[in-house]
Amino acid sequence: MRTPYQILSMPYKKIEKPIDAAIREVFEETGIKTDNIISLVSKSYIPANVISEKHRKYWGKDL
């Protein structure tokens with residue numbers, strides 16, 4: 001059975017560990033302090049060509 005809440009978190013400016021980002025996001029979004037975080041191991045990739053050129057022009061050169 002899935003848990004009632006799943007949160008996607010991204011590290012802030014690459015200075016934050018993913019686990020710390022998850023803990024921060026849980027607190028920011030719910031007001032709940034926790035250290036019981038389960039790491040998800042699945043990943044999905046979206047091809048760049050499905051994003052319009054209008055929006056891709058803002059991407060950094062390193063992408």
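Does Arg-56 count as buried, partly exposed or exposed, and at what relative accessibility? At 25% relative accessibility, Arg-56 counts as partly exposed. In these terms, buried means under 20% relative accessible area, exposed means over 50%, and partly exposed lies in between (1.4 Å probe, protein chains only).

The model is predicted, so local features need pLDDT of at least 70 and side-chain atom pairs count only at pLDDT 80 or more, while totals for chains, interfaces and linings use all residues. Residues are numbered from 1 along each chain as its sequence is written, and side-chain values use heavy atoms, with hydrogens and water left out.

**Overall composition**

The protein holds two helices and zero strands. Helices (H or I, at least four residues) and strands (E, at least two) are DSSP runs, numbered from the N terminus. Of the 63 residues, 10% count as buried. The protein exposes about 6,600 Å², and carbon and sulfur atoms supply 58% of this area. Accessible areas come from the Shrake-Rupley method with a 1.4 Å probe; for residues, only the protein chains shown count as cover.

**Helix α1**

The 13 residues of α1 should span 18 Å at 1.5 Å a residue, and the end C-alpha atoms of the helix are 18 Å apart, which agrees. The expected span is 1.5 Å times one less than the number of residues in the helix. Within α1, Ala-21, Ala-22, Glu-25 and Val-26 are buried. Seen down the axis of α1, its buried residues fall within an arc of 135°, so they line one face of the helix. The arc is that of the directions from the helix axis to the C-beta atoms. Just after α1, Gly-31 takes a positive phi of about 80°.

**Salt bridges**

Side chains of opposite charge can pair when their charged atoms come close. A salt bridge is here a side-chain nitrogen of Lys or Arg within 4 Å of a carboxyl oxygen of Asp or Glu. A search of the whole structure finds four salt bridges, including those in the table.

| Salt bridge | N to O distance |
|---|---|
| Glu-25 and Arg-24 | 2.9 Å |
| Arg-24 and Glu-28 | 3.3 Å |
| Arg-56 and Glu-53 | 3.0 Å |

Arg-24 lies in helix α1 and is partly exposed, with a relative accessible area of 23%. Arg-24 and Glu-28 are separated by about one helical turn, because they are four residues apart in helix α1 (residues 18–30).

Arg-56 and Glu-53 both lie in helix α2 (residues 53–56), three residues apart, about one turn of the helix. Glu-53 is exposed, with a relative accessible area of 53%. Elsewhere, salt bridges that share partners join Glu-16, Arg-24, Glu-25 and Glu-28 into one network.

**The loop between the helices**

Ile-38 is found in the loop between α1 and α2, and Ile-38 is exposed, with a relative accessible area of 66%. Ile-38 and Ala-22 are 16 residues apart in sequence and 9.5 Å apart in space, C-alpha to C-alpha. For Arg-24 and Thr-34, ten residues apart along the chain, the C-alpha atoms are separated by 9.2 Å.
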